[in-house]
Amino acid sequence: MAKKKSTDIAQTEAIKTRAGMAEKLEKERLELKKEMEKLMKKYAKATGIRKLGKRQHKVGKAPNDFKA
Amino acid sequence: MSKVKQKTRVELLVESIAVEKQLLIEICDDLASCRDNGDKKGAKEVAKDLKNQIKIYNKLIAEYNKLSGEKAPAVSNNLPEEILAGSNNYSIAHVGQPVSSTVSAYNANISILNEKELKKYLSRSDRALENVRTRLETTAKQKSEATGYTKVLYIINCLTYQRYIIERIAENLHVCNKLADKKRVKALKKTLTNEIKAYNALVNEYEVLTRSHLTRASESIPEDILAGKPYAPIPAISYTANDGTARNSDADVAAVAAAAAAAVEGLNAKKKHSKKGKKAVKKTALEEKVAEQANKDLSVITKGYDFKISLIESQKDMSYYRFGKNVFDMKAVKKEANKKIKAAQKAHKLALKYEEKDNERYYAVITNDPVTMKAKKRADRVKIASIRTEMMTLLNKRDELNSKLLSIYNGSEVTADGVSINQKWRQTRSDAAEKFVNKNQSLAKKIFRLPASSAEKQRLYGILNTSIEASSNLALAQYRLKTKEFKTRQEKRALKKDVKTNKKLIAQNSKDIKWIVKKIKKRA
C-alpha cells in the first residue's frame with residue numbers, strides 16, 4: 001500500500017491556502033507595527049512624552065509580536 | 001516678500017479664512033442652540049471657544065488686509081454676548097476670491113514655494129483635511145438615515161466635501177512629488193485613488209436617486225499629477241440638485257429649498273438636544289474612528305485564535321466518530337486537543353493584553369492634537385504634525401489589512417444568527433462523519449467477526465477511520481464550493497483539489513479493506 005496523505009483538517013489544501021493567505025497578511029501587519037514603533041520613538045522625542053516611546057513589554061514577549 | 005510670494009500667501013490665506021469662517025459659523029450655531037435650550041453651562045463653554053475662534057479668524061483677516069491692501073471686515077469680539085442676548089445675525093462676510101483647484105487643476109502657485117514653505121503648506125493642509133473629513137463623516141451618517149430629497153441634499157453635501165478632499169490630496173500629491181518624498185507619494189496616490197472611488201460611488205448614488213447625470217471624477221488623476229499634467233477638473237454641483245448645466249423648474253427648486261429648510265431645522269433641533277459643543281462633537285467623531293479601528297485590530301487577534309482553536313476543536317470532534325475505538329484512545333485524543341486549546345487561549349489573552357497596550361500608545365498620537373499641544377518651538381509642532389500624519393497613514397494601512405484578515409478568519413461572514421461560518425464548517429464535517437459511520441456499521445461488524453488478530457482488526461479500523469476524516473473533509477470542501485465560500489481563485493482550486501484527493505483516498509481505502517478482508521478469509 002502506498003503512503004497515504006494526512007487527513008488532518010489543517011493539512012487540507014484549502015485550509016493550508018487560507019492559512020497561507022492569513023500568514024502573509026499577518027507578516028505585513030507585523031512589519032507595519034515595527035514601523036509604528038520606530039515612529040513612536042520619534043514622536044516621544046519630539047513631544048517629550050517619554051512613556052509613549054517605550055513599550056510596556058519587550059519585543060517578542062507577546063505571542064504575535066514582530067522580531068527585533 | 002517678493003510680489004509673487006505675496007500673491008501666493010494671500011491665496012493660501014483666503015483658503016484658511018474660508019475654513020476658519022466655517023468653523024466660526026458652526027460655533028455660533030452651537031452657541032445659539034445652547035442659548036435656546038437654556039443650557040447655561042454649555043453656553044459658557046461654547047462662548048469661550050467662540051472667543052478663541054474669533055481671535056484666530058481676526059488674526060488671519062489682519063494678515064490678509066495687510067498683504068492685499070483690502071479692508072475685509074473683522075468679526076466683532078462682542079459676538080458671543082450678542083448671540084447670548086438673542087441675536088441670530090452672525091453672517092460673516094466672504095473674503096477674497098477663493099482659489100478653486102477645479103479651475104486650474106492644482107494650485108500652480110505651489111511651484112514657486114521653497115521646500116520649507118512646501119512642508120509648512122503640507123502640515124496646514126493636513127489639518128484642514130481632517131476638519132473636512134470629520135464633517136464628511138457626520139454628513140454621511142445623516143445621509144444614511146435620510147430619505148427622498150433630504151437624502152439628495154446630503155449626497156450633494158457629501159459630494160462637495162469629497163471633492164474638496166480630492167482636490168486637497170491632489171495638491172498634496174503634487175507637493176510631495178515635487179519634494180521627491182517617494183514614501184508619501186505612494187501613500188497619497190493610493191489614498192487619492194480610494195477617495196476618487198468614494199466620490200464616484202456618491203455620484204452613482206445621486207444618479208440612482210435623481211435619475212440625472214453627473215460628471216464622474218477621472219480615475220487617471222493620480223497618474224496625471226505624477227506625470228506633471230493638469231488633471232481633469234471635477235465640476236462643482238449646487239443645491240439645485242443638478243450639475244449646473246440645466247435649470248430646474250421653480251417647483252423643483254421650491255421643493256428642494258423646503259426640504260433643505262426642513263433638514264436644517266431637524267439638524268438644529270438635534271443640536272439643541274445635544275449639550276456638547278462643536279468641539280466635543282468633532283472630538284467624538286475622531287474618537288469613534290479611533291475606537292472602531294482599535295476594536296477591529298483586537299477582533300483580528302481574537303478571530304485569528306478562534307480560527308486556530310476551531311481547527312483543533314474540529315479535530316477533537318472526529319474522536320467521537322471512530323471505529324474500533326477504546327475509551328483510553330478517545331481520552332488521549334481529547335486530552336491532547338484540550339491541552340492545545342488551553343495553550344491557544346492563553347496566548348490569545350496575552351496577545352490581546354499587549355496589543356491593547358500598544359494601541360493605546362499609537363492612538364494617543366492621533367488623539368493628541370498638535371495644535372493644542374505644548375511645544376517648545378514652532379518647528380517641533382510641525383514635526384509632531386508630520387509624525388501624526390505618518391502614523392495615521394500607517395494605522396489606516398493596518399486597518400485595511402485587518403479588514404482582509406477578518407474576512408479570512410471569519411470564513412466569509414457572520415451569519416444572521418451570529419454563528420460564524422467556522423462553526424458551520426465544523427457542523428458540516430461532523431454531519432458527514434456521522435453519516436459515514438452509520439453507512440459503514442455493517443462493514444465494521446464484518447471486520448469484528450473476522451478470524452483475525454486484534455492488531456489486524458485495529459489496522460482495518462484505522463483505515464476506516466481515515467475514511468471518516470476524508471469523508472468529512474470532502475463534505476466541507478463540497479459545501480464551500482457549493483456556497484462559494486472561498487476568497488480567491490487559488491482557494492477555489494485548492495478546494496477542488498481537496499475534493500479530488502479525498503474521493504481518491506476513500507476509494508483507495510475501500511479497495512484496501514476489501515483486499516485485506518479477502519486475504520484474511522483465504523488464510524482462514
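Hi everyone, let's begin with B:Glu355, which sits in helix H10 of chain B, the helix running over residues 327–367. Do keep in mind that this is a predicted model.

So, is B:Glu355 buried, partly exposed or exposed? With 19 other C-beta atoms within 10 Å, B:Glu355 counts as partly exposed, because being buried takes 20 or more. Take B:Ile301: 54 residues separate it from B:Glu355 in sequence, yet the two C-alpha atoms are 8.7 Å apart in space.

Now to the contact between the chains. Chain B puts in 45 residues and chain A puts in 35. Which helices of chain B supply at least two residues each to the side that touches chain A? They are H9 (278–317), our friend H10, H11 (378–409), H14 (454–482) and H15 (489–523). H11(B) gives the largest share of that side, with 14 residues.

Last stop, helix H2 of chain B, residues 40–68. From first C-alpha to last, its 29 residues reach 41 Å, close to the 42 Å expected at 1.5 Å a residue. Quite a few positions in H2(B) are buried, including B:Gly42, B:Val46, B:Leu50, B:Gln53, B:Tyr57 and B:Tyr64. And just after H2(B) comes B:Gly69, with a positive phi of about 80°.

Technical notes: Residues are numbered from 1 along each chain as its sequence is written. Chains are lettered from A and ligands numbered from 1 in the order in which they are written. This is a predicted model: local features need pLDDT of at least 70, side-chain atom pairs count only at pLDDT 80 or more; totals for chains, interfaces and linings use all residues. Helices (H or I, at least four residues) and strands (E, at least two) are DSSP runs, numbered from the N terminus. The expected span of a helix is 1.5 Å times one less than its number of residues. A residue is buried if 20 or more other C-beta atoms lie within 10 Å of its own, exposed if 12 or fewer, and partly exposed in between; C-beta atoms are placed from the backbone. Two residues are in contact if their C-beta atoms, placed from the backbone, lie within 7 Å.
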